[in-house]
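Here is a short walk through a protein model. Keep the coordinates open as you read.

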Amino acid sequence: MNYSTLHETNPCIYVANLGAYNAGRLVGKWLDLTTFKDKDELQEAVDKVANYLGSIYGDEWAIHDTSNFPDMGENPDLEKVLEVAAMIKKEGYEQVKAFLEVYSIEDLEHFEDSYQGHWDSFKEFATEYMDNCMEVPEHLEDYIDYEKFSNNLSYDYSEVDASTGGVFVFGEF
């Protein structure tokens with residue numbers, strides 16, 4: 001798989017050797033997070049970058065770029081990095097990134113309970129929600145204020161704008 005295909009589909013991080021970076025050299029490697037079985041394997045790959053040319057540049061590393069992966073800082077817990085990558089592979093990058101705008105990484109296990117889907121607007125979600133809760137006779141539909149219902153429902157849900165348009169909706173868990 002070539003570089004561009006890899007970064008279009010899989011969650012990846014660019015790990016840099018900090019000593020080399022501070023010395024004005026770009027030494028690092030893109031890591032496809034879907035290829036690691038566990039934290040130990042990922043740590044081994046990170047250590048190879050960190051120990052580039054032995055101790056000449058030291059053994060510190062940092063994440064300097066990401067592709068299909070949210071910014072978790074320069075030195076995140078690698079176990080959490082793999083958890084996020086697994087959820088991205090299962091649910092999609094945009095959805096997981098939106099979830100992490102509302103909740104923390106520690107809440108990731110509740111993603112499926114919280115995620116209500118992608119909607120054109122929150123009002124569309126609220127209308128569907130109302131329709132699923134009760135059957136409104138056609139002759140009474142004009143008397144329902146869906147706008148007001150949507151506004152009230154928004155206190156119990158979070159919405160995050162999707163980069164492709166519309167919103168992702170998340171509920172409490």
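The text below covers the sheet, the cysteines and the salt bridges.

This is a predicted model: local features need pLDDT of at least 70, side-chain atom pairs count only at pLDDT 80 or more, and totals for chains, interfaces and linings use all residues. Residues are numbered from 1 along each chain as its sequence is written, and side-chain values use heavy atoms, without hydrogens and water.

Start with the sheet. Strands pair if DSSP finds at least two bridges between them. Strand β1 (residues 12-17) pairs with β3 over six bridges.

Cys12 stands opposite Ser67 in β3. Cys133 is exposed at 52%. Disulfides (cysteine sulfur pairs within 2.5 Å) number zero.

Now the charges. There are four salt bridges (a Lys or Arg side-chain nitrogen within 4 Å of an Asp or Glu carboxyl oxygen). One joins Lys80 to Glu83, with closest N and O atoms 3.8 Å apart. Both lie in helix α4 (residues 78-91), three residues apart; helices are DSSP H or I runs of at least four residues.

Lys90 bridges to Glu112 at 2.4 Å between the closest N and O atoms. Lys90 lies in α4 and Glu112 in α6 (residues 111-114), so the pair ties together parts 22 residues apart in sequence. Lys90 is exposed at 55%, while Glu112 is partly exposed at 46%.

Key:
Buried < 20%, exposed > 50% of the residue type's maximum accessible area, 1.4 Å probe, protein only. Helix = DSSP H or I, 4+ residues; strand = E, 2+ residues; numbered from the N terminus.
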